[in-house]
Amino acid sequence: MLSKTLSLNKGLFQHFFFNNLIFMAINIICTFFLLPFGYILMTYSGESHLYGADNHLLGFDSAVLSTFFVGTLFYGVLSGLGMTYFLKNEEASDFMHSLPFKRNQILAHMLAAFTATVAMNLMINGIILGLFSFHFKDITAGKIFDWVILTLIISLFAFIFTLFVGQLINHYFGHLVLTGLLLMLPVIFHSLATGIYNNLFRGATVLDFDPGQEKVYTLSENLTFPIGMVNHIVDHIDWLYFGIAMIVACILLAATYFLYERRRNERIVHSFQRSWLEWSFITLVVLLGVMVAGTIFTSGIQNLFVIAVIYILSFLIIYLLAQAVNQRSPRVRLNFRSMGLTFLVVALILATTYAFGKWQEGYVPDTDKVASVNMETEMAEEGRPHLESYVKDPAYIKEVVAMHHDIINHNANDSYGSFSVTYKMKDGTLQHRSYTDLSEEQFKKASRLTDDKTYSKAITEGYDWDDLKRYSVNIQYGEDDIRTIEPEDNSKFLKAFKADMAEANTEYSPVRISSSPVYVTLEQLDGSFVDFNISPYHPHLIQYMIDEKMIKQPSDIFNADEYYRLNVKPDHFKGQTIFEKRELKKLKKTKVSEKAFNQAMNDGSADVDGNYIYAVGSDDIFAIINMNKEVK
């Protein structure tokens, strides 16, 4: 009988609704556990302080609600698989289509039944959340409303997407695999393509981000709905993104109606509704499989013939396996024309990737097209965070470009150190390269650009000082003495820091080898940080510490037991950043008194360009300090 209010057949609606009953019950229970019950769990676990009135989402943690939405997406997929059962079975399909309903009506009933199951979950848990709001002030009507709308959008998108895929394929396993594959395809393809690119080409790199750094939304992530939806919820709700998702869902729904009206029931015994769909799916699976094999097996291989053999063998193995799964039998019937076309497509995509990579490998921008450049070097054993400087000085840019040319033209194939360069082009684009195979000579030549005092001021001006205003500062000046300076109070520190960096940059090797035990960390709220040790060549920072009552005089930054005058030339430690006691035993030296050395420090005699060299320290680590006067 036809419902007068909903224009839906009660029997058909109930058929689809109860067909999804188990999934609906599980969804309601999981929602209750993650959201309403989650507040109770946190209360009894003593973590109620984590509730934040400024939190824009329900739940004690945005990660929990993100988990809920991923589960909501999975629920939509499972419901779509369950409700399209009759499209995978010939007898069920014949029965369903013998009923006095048009195909668009059947789809309408499926959509209505699914929406009702989602609404049931929202109503039950929404009422519970409403009651909980009397006790938990973090639960507000606005947050509940946002949760309801987001749940509906994500559920409907996943369900409609699964219905659409169900019009292309005729068996459960393939339907599930193809749905998941298509949902994740952009980020899978992007990850595999960059993996191959990084394996095959020298200098190739992808700009990654750590969990503590600000999230970077790439095109592939935004196109991958399971990842994109989480990214656009955690920090703030991007309603534009979810609005676009609903527009896409409507287009997919229209396409589903179109395909269902033209679906041929006699092809239900085949894996796909169209033969070209079968070829497309096999080609996609083979392409991804070959890319996985390439990412794994071509790492470190430069011989083009060996690489080609790896890809050809991978193609044959994966193609035969894909056909065996598709034909549901190890007795595979091969269509060599179809196989040849698949090989041609895969080979063309990989050849294009290779050609693009080889062009990128040899590309160095013209100096007149570069707006600024960031260049960094690291010893093989190093890996420390530090400030990034984008230098605009044309002379510096010219030297970095020349160094880049030298590294490309002379592949040392060594592992002494690394060279990374990022160009900010005048057209707004970025070009990034990273080399980890530098020889000792190349590394020292590249390091000279950061060690050359000529560019110290230009490098300092290249730091993002406005961004540093958002950092908190931690200064550890004793074993248990730590001073924290919040972002709103760090202007005086930054002024001193900037003044010292222009003369004695913390990346400058004579500064690093003169490091005192005073340890400074600049940290953002997201956990990203940079750190350095204060040097005696940092008079403004030392004076800041004196003004803030951390120390009484400059010599207090050291807590040394031994003081030596070294009989070496001023450039003896050039390029060196650490000095150990075992090296001290090999040098001619004269012991000096602590009082005399401290007096010279307090008089301001520490000079990065000084000709008198001293070693001060305790245990195994010593600082090398240049003075402009002799200490006896």
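A residue is termed buried when its relative accessible area is under 20%, exposed when over 50% and partly exposed in between (1.4 Å probe, protein chains only). The model is predicted, so that local features need pLDDT of at least 70 and side-chain atom pairs count only at pLDDT 80 or more, while totals for chains, interfaces and linings use all residues. Residues are numbered from 1 along each chain as its sequence is written, and side-chain values use heavy atoms, with hydrogens and water left out.

Strands are DSSP runs of E with at least two residues, and helices are runs of H or I with at least four, both numbered from the N terminus. In strand β8 (residues 562-566), five of the five residues are buried, so the strand is largely enclosed by the rest of the structure. Glu562, Tyr564 and Leu566 cover one side of β8, and Tyr563 and Arg565 the other. Strands pair if DSSP finds at least two bridges between them. Five bridges join β8 to the antiparallel strand β11 (residues 612-618), where Gly617 stands opposite Glu562. Three bridges link β8 to β10 (residues 589-591), also antiparallel, and Lys589 is the partner of Leu566.

A nonpolar core is a set of buried Ala, Val, Leu, Ile, Met, Phe, Trp, Tyr and Cys residues joined through side-chain atoms within 4.5 Å. The largest has 87 residues, and Phe16, Phe69, Phe86, Met110, Trp147 and Val286 touch the most other members. Helix α7 (residues 141-166) gives the most to this core, with 14 residues. A second, separate core of 69 residues includes Phe493, Ala504, Val518 and Ile542.
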